[in-house]
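Thanks for making time for this, everyone. I would like to walk you through one structure, beginning with the space inside the fold and then moving on to helix packing and charged pairs.

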Amino acid sequence: MMIKKNFFPRMAHLLRNVHDRHVIEMAAEMDEELKEACLAIWQWDEEGFTEEQKIQITMAMHDGGLGLRSLQQIAAAAYLGSWGLVGE
């Protein structure tokens, strides 16, 4: 919960304002760091998550997930959405 409240708003701000290769790469790295942090917090083995578990981590809470959205997946939509607000 602390990660979601403190980290994601800052990253969302960056993703809304800058869209280039370096930001997308950084978003992918941050997604992996978040998964590693979850492994460490839950004290799971080194094998990591299954593909189904990785999907469930990024699913919305009302769909049975943890609600930790993949930054890489939302990067383009965040940038385009910010431009949509400029046009209003």
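Helix α2 gives the largest share of the lining of the largest cavity, namely three residues, and both α2 (21-42) and α3 (51-58) supply at least two residues each to that lining. Helices here are DSSP runs of H or I with at least four residues, strands are runs of E with at least two, and both are numbered from the N terminus.

Before I go on, please keep in mind that this is a predicted model, in which local features need pLDDT of at least 70 and side-chain atom pairs count only at pLDDT 80 or more, while totals for chains, interfaces and linings use all residues. Residues are numbered from 1 along each chain as its sequence is written, and side-chain values use heavy atoms, with hydrogens and water left out.

Back to the cavity, by which I mean a set of points, on a 1 Å grid over the protein atoms alone, where a 1.4 Å probe fits but cannot get out, with lining residues having an atom within 4 Å of a point. The search of the whole structure finds one cavity of 30 Å³ or more, and the largest cavity holds about 40 Å³ of space, where a volume is the space filled by probe spheres set on the points, which are joined across faces, edges and corners. Its lining is made up of Asp-31, Leu-34, Lys-35, Ile-57, Thr-58, Leu-68, Arg-69 and Ser-70. Sorted by class, that lining has three nonpolar, two polar and three charged residues, with Ala, Val, Leu, Ile, Met, Phe, Trp, Tyr, Cys and Pro counted as nonpolar, Asp, Glu, Lys and Arg as charged, and the others, Gly among them, as polar.

Asp-31 turns up again in the packing of α2 against α4, where Ile-24, Ala-27, Ala-28, Met-30 and Asp-31 in α2 meet Leu-71, Gln-72 and Ala-75 in α4, a contact being heavy atoms within 4.5 Å. This contact has six nonpolar, one polar and one charged residues. The axes of α2 and α4 (residues 71-86) lie 8 Å apart, at an angle of about 145°; axes are lines fitted to C-alpha atoms, for helices over the stretch in contact, and angles run from 0 to 180 degrees between N-to-C directions.

How many salt bridges does the structure hold? There are three, each a side-chain nitrogen of Lys or Arg within 4 Å of a carboxyl oxygen of Asp or Glu. In α2, Arg-21 and Glu-25 sit four residues apart, about one turn of the helix, and their closest N and O atoms are 3.2 Å apart. Arg-21 counts as exposed, at 54% relative accessibility, whereas Glu-25, at 37%, counts as partly exposed; buried means under 20% relative accessible area, exposed over 50%, and partly exposed in between, with a 1.4 Å probe and protein chains only.

Glu-32 and Lys-35 pair with closest N and O atoms 3.9 Å apart, and here Glu-32 is partly exposed at 40% while Lys-35 is buried at 18%. In the pair of Lys-54 with Glu-51 the closest N and O atoms are 3.6 Å apart, and these residues lie three apart in α3, about one helical turn.

Finally, the chain as a whole has four helices and zero strands, and buried residues make up 25% of its 88 residues.

Note on methods:
1 Å grid on protein atoms, 1.4 Å probe; cavity = no way out; pocket = protein on both sides within 12 Å on 5 of 7 lines; lining within 4 Å.
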